[in-house]
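Dear colleague,

I am passing on the structure below, and after it you will find a short account of what was found. Please keep it open while you read.

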Amino acid sequence: MAPTLIQKYIKRGLGDKLDHSNVELASTLIRYLIYIFAFLLILPFLHLDLSGLFVAGGIIALALAFAAQNIVSNFISGIFLMIERPIKTGDTVIIGSTWATVQTIQMMSTIVRGFDGIYIRIPNSKLFTSEITNLVINPARRFEYTIGIRYKDDAGKAIAIIRELIDKQPYALKSPGPSVYVDKLDDSSVNLMVRVWAPSLFWWGLRTELLWKIKVELEKNGIQIPFPQRELWFNNILKTDMKTVKAPPIKDIPYQEIEPQSKIGKPKPGETHDW
């Protein structure tokens, strides 16, 4: 009863100073420490003679230590995650090859939800030693497009149209500002590089909407995105009128009679064959 009340008091006191995941982690850790302290405190009043159990207890403790090494590793990793704070509840992260949103950070494991809604429980020891990419820890993120236009289109006009369209977007940041420039002269197109900064919370929505708006706006102004093209040059001999080309003469092949093959029958008595 007392540890539960203390845990609620800690949550209430630290709720405004720490995020939800760290408050949960701290309150759970303190509750376990209270249990351990209470057990050690009442142990002398039980008048138990534990000297006879030291040898057996040592062997049992050694066996439990090997069996519980993963549990201890997860517990310690949870403490380090609370101190280092690489992620918090609600963050969009990449853990290894998993893209997910953090749901809860517990003492032994961390619960995340994949982009397809799948529930994933990751042990804290594995999470602590894995490569973590936090996609929203910074306030702003950049995205970029490569947009190809035809060689006969005005690249300066296309850049001006794209810049004007970006300026109309409420979530496109002014500082750092966007950049639009000719990046490459490709085989079939002039490639424009478009780079835009946006708040991390609105980055994905702006990225998915802006590309289609650019495409529509360029087409309204007569600027098209070309298809891959190839020019083939033929030799002069292939330009001859096919009507003047005569088929090669067909030579008559004389008829040749094929001699019948000798039939192989059963050997007569006394005959031998060198096969």
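Which residues have the most contacts inside the largest nonpolar core? They are Ile162 and Leu210, and this core has 23 residues; a nonpolar core here is a set of buried Ala, Val, Leu, Ile, Met, Phe, Trp, Tyr and Cys residues joined through side-chain atoms within 4.5 Å, where buried means under 20% relative accessible area with a 1.4 Å probe, counting protein chains only. The elements that give two or more residues to it are strand E6 (140-149), helix H6 (155-167), strand E8 (190-199) and helix H7 (203-220), and H6 gives the most, with six residues. Helices (H or I, at least four residues) and strands (E, at least two) are DSSP runs, numbered from the N terminus.

This is a predicted model, in which local features need pLDDT of at least 70 and side-chain atom pairs count only at pLDDT 80 or more, while totals for chains, interfaces and linings use all residues. Residues are numbered from 1 along each chain as its sequence is written, and side-chain values use heavy atoms, with hydrogens and water left out.

Apart from the core described above lies another, of 10 residues, among them Leu81, Val102, Ile105 and Leu127.

Strand E3 (residues 109-114) is largely enclosed by the rest of the structure, because five of its six residues are buried. Five bridges join E3 to strand E2 (residues 98-105), and the two run antiparallel (strands pair if DSSP finds at least two bridges between them). E3 also forms a hairpin with E4, with four residues between them.

Best wishes

Technical notes:
Buried means under 20% relative accessible area, exposed over 50%, partly exposed in between (1.4 Å probe, protein chains only).
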